[in-house]
Amino acid sequence: RMSCKQASRLISDGMDRPLGRSEQVRLSFHLLLCRNCRHFRQQMQQLRSGIRRARDE
Amino acid sequence: MSASPEQIEAERPWLLRYARAQLQDQAAAEDAVQDALLAALEGRERFAGQASVRTWLTSILRFKLVDTIRRQHREVATDLSEDTDLSDLDGLFDGQGAWQQAVRAWGVPEEGLLAKQFWQVYQQCAQAMPKRTAMVFAMREVMDMEIADICQNLSITATNCSVMLYRARMSLRECLETRWFQQKGAS
């Protein structure tokens with residue numbers, strides 16, 4: 001089973017490159033079961049969109 | 001169609017803000033913007049009008065910024081250990097790699113992100129990071145550069161690059177949570 005620590009790293013990596021098939025499957029399964037990591041992924045998306053919106057204002 | 005000198009000069013404040021986000025250094029940012037504006041004035045007949053003046057100027061500035069970043073990168077010590085050491089993140093996870101504390105949804109509506117304030121807080125948080133880590137993060141997230149281009153320009157491996165981006169995101173997450181989302185949530 002993937003840990004939250006590993007999941008957080010994969011979530012970050014997934015923002016910069018397409019994840020491999022097995023990485024994607026393992027991460028998706030982890031996210032189904034882990035609310036903390038779902039929130040973490042949302043935070044990372046908000047971080048990116050916040051920076052881009054602020055940059056383009 | 002060409003861009004007028006007035007149109008070009010009018011974009012200086014925006015370009016300066018963009019450059020400062022990359023370089024964390026006011027003087028270097030002003031130099032890069034000045035170089036970009038001079039290049040734009042010399043080449044303004046080449047502005048085809050297919051994109052906005054701002055987009056055209058930003059693409060010129062990006063080349064100047066990458067040159068500056070390359071130069072700065074050479075001046076920063078080549079030891080990457082400070083940038084790739086993840087041990088300071090250990091406290092976020094327990095022995096099994098689970099989050100020590102609940103990760104809460106930031107829950108701020110998108111339109112609630114007051115751009116100018118958010119930008120200032122982001123800049124403060126970025127300054128707390130190791131210089132090269134902040135550089136890599138800005139190239140990726142502010143300049144939209146692909147990982148391969150960042151690696152090539154800074155002569156670092158893709159693995160080191162992804163570790164630095166992970167470290168930057170974790171660091172910014174903590175800093176923004178304290179300085180931005182908690183305060184906005186409370187207001």
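1. Helix H2(A) makes the greatest contribution to the lining of the second largest pocket, supplying four residues. Helices here (H or I, at least four residues) are DSSP runs numbered from the N terminus. Helix H1 (4–13), helix H2 (21–33) and helix H3 (35–56) of chain A each provide at least two lining residues.

2. On provenance, this is a predicted model, in which local features need pLDDT of at least 70 and side-chain atom pairs count only at pLDDT 80 or more, while totals for chains, interfaces and linings use all residues. Residues are numbered from 1 along each chain as its sequence is written, chains are lettered from A and ligands numbered from 1 in the order in which they are written, and side-chain values use heavy atoms, with hydrogens and water left out.

3. The volume of the second largest pocket is about 160 Å³. A pocket is an open set of points on a 1 Å grid over the protein atoms alone, where a 1.4 Å probe fits, with protein on both sides within 12 Å along at least five of seven lines; lining residues have an atom within 4 Å of a point. Grid points are joined across faces, edges and corners, and the volume is the space filled by probe spheres set on them. The lining includes Leu10(A), Met15(A), Leu27(A), Arg41(A) and Gln45(A). By class it has seven nonpolar, four polar and one charged residues, where Ala, Val, Leu, Ile, Met, Phe, Trp, Tyr, Cys and Pro count as nonpolar, Asp, Glu, Lys and Arg as charged, and the others, Gly among them, as polar.

4. Arg41(A), one of the residues lining that pocket, lies in helix H3 of chain A. Its relative accessibility is 36%, so Arg41(A) counts as partly exposed (buried is under 20% relative accessible area, exposed over 50%, partly exposed in between; 1.4 Å probe, protein chains only). Leaving aside residues up to four places away in sequence, Arg41(A) touches Ile11(A) and Leu31(A), a contact being heavy atoms within 4.5 Å. Its C-alpha atom is 8.3 Å from that of Ser12(A), 29 residues away along the chain.

5. The largest pocket holds about 210 Å³ of space. Twelve residues line it, and Leu92(B), Gln101(B), Arg173(B), Glu174(B) and Glu177(B) are those nearest its centre. The lining divides into four nonpolar, four polar and four charged residues.

6. His30(A), in helix H2 of chain A, is buried, because its relative accessibility is 3%. Its side chain reaches the backbone oxygen of Met2(A) at 3.0 Å. Beyond residues up to four places away in sequence, its contacts are Met2(A), Ser3(A), Cys4(A), Ala7(A) and Cys37(A).

7. How many disulfides does the whole structure contain? One is found over all chains, a disulfide being a pair of cysteine sulfur atoms within 2.5 Å. Cys125(B) and Cys175(B) form it, with their sulfur atoms 2.1 Å apart. The pair, 50 residues apart, links helix H6 (residues 115–127) to helix H9 (residues 158–186) of chain B. The S-S torsion is about -80°, so the bond is left-handed. Cys125(B) is buried at 1%, as is Cys175(B) at 16%.

8. Cys34(A) is buried, at 9% relative accessibility. Cys151(B) is likewise in no disulfide, the nearest cysteine sulfur, that of Cys161(B), being 4.1 Å away. Cys151(B) is buried, with a relative accessible area of 11%.

Notes:
A polar contact is a pair of N or O atoms within 3.5 Å; within protein, one must be able to donate a hydrogen and the other to accept it, and residues adjacent in sequence count only if both atoms are side-chain atoms.
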